[in-house]
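Let's take a walk through this one, starting with a helix-on-helix contact and moving on to some aromatic rings. Have the structure open as you read.

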Amino acid sequence: GTKTMCCDESLYPYTPSKVAPIIFLAAFLFSTLHHIWINVRYKSWRVTGTLPWGGIVFIAGFAVREVSAFHPKDLNLFIASTVLILVAPPVYALLNYIVLSRALYYVPQLSPIHPGRVITTFCGLDVVVGILTGNGGARVANADATSAEIKAGKGLLRASILLQLIYIFLFVLLEYVFHRRCINAGTLDPKATAAATKNANK
């Protein structure tokens, strides 16, 4: 059989809730089923297909977290739940990048950057953040790590959070600049919007 890695003490620095994971699991289950229905109904998988994907990852993460709450010394469950819950948000963020990129393609002359660079730039930053978070979390959670390694791990986690804040700010700024340019150019006029939508659906 498969060996289970356990510790003498709980891996959580707090008493893990046995109720919260069920609540979040139910919420994401409802949301995921709703987004699947929307994608099937409107055939929008190419644009919003990452929403059900992210929801499924969250559901798996909170399901494992619920089991882990009853076995707080099990390292495998702790790592699996943590990784799944940390991986899901970037999947949701990918939708933001896809939607903004497609919007920029409609009026590329008003885009602050090339529309195709939105996904590559911000997904690349997501990858960097994931690497920093993974390495930092591994150092901090390692029971055999020295104080210097733990300190370095905390530094990596702080760097990842700071980087996230910076590129989220840049993403919102990009949206704001594009929106203002559209307003100034009159492209948000209802008649212009209807014409653009009609042309896009041809």
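In this predicted model, N96, Y97, L100, A103 and L104 on the α4 side meet Y167, F171, L174, E175 and F178 on the α6 side. Sort those residues by class and the contact of α4 with α6 has eight nonpolar, one polar and one charged.

How do the two helices lie against each other? Helix α4 covers residues 75-106 and helix α6 covers residues 147-185; their axes come within 12 Å and cross at roughly 25°. Angles under 35 degrees count as roughly parallel, and α4 and α6 are therefore roughly parallel to each other. As for handedness, α4 passes α6 in a left-handed crossing.

Now for the rings. How many aromatic pairs does a search of the whole structure find? The count is 12 aromatic pairs. A pair of aromatic rings is described by the distance of the centres and the angle of the planes.

| Pair | Centre to centre | Between the planes | Geometry |
|---|---|---|---|
| F24 and F62 | 5.2 Å | 15° | stacked |
| F28 and F62 | 6.0 Å | 15° | stacked |

Take F24 and F62 to begin with. F24 sits in helix α1 (residues 20-42) and F62 in helix α3 (residues 50-70), so this pair links distant parts of the chain, 38 residues apart. Is F24 buried or exposed, or something in between? With 42% relative accessibility, F24 counts as partly exposed. F62, on the other hand, has a relative accessible area of 12% and is buried.

The pair of F28 and F62 also runs from helix α1 to helix α3, so it ties together parts that are 34 residues apart in sequence. Here both F28 and F62 are buried.

Stepping back to the whole chain, what is the protein built from? Of the 202 residues in the protein, 29% are buried. And if you look at contacts between residues at least 6 apart in sequence, 68% of them join residues at least 24 apart.

Terms used: Residues numbered from 1 in each chain as written. Predicted model: local features only at pLDDT ≥ 70, side-chain atom pairs only at ≥ 80, totals over all residues. Heavy atoms only, no water. Axes fitted to C-alpha atoms, helices over the stretch in contact; angles between N-to-C directions. Helix = DSSP H or I, 4+ residues; strand = E, 2+ residues; numbered from the N terminus. Parallel < 35°, antiparallel > 145°, perpendicular 65-115°, else oblique. Left-handed = near helix turned anticlockwise from the far one by under 90°. Contact = heavy atoms within 4.5 Å. Nonpolar A, V, L, I, M, F, W, Y, C, P; charged D, E, K, R; others polar. Phe/Tyr/Trp six-rings, centres within 6.5 Å; stacked < 30°, edge-to-face > 60°. Buried < 20%, exposed > 50% of the residue type's maximum accessible area, 1.4 Å probe, protein only.
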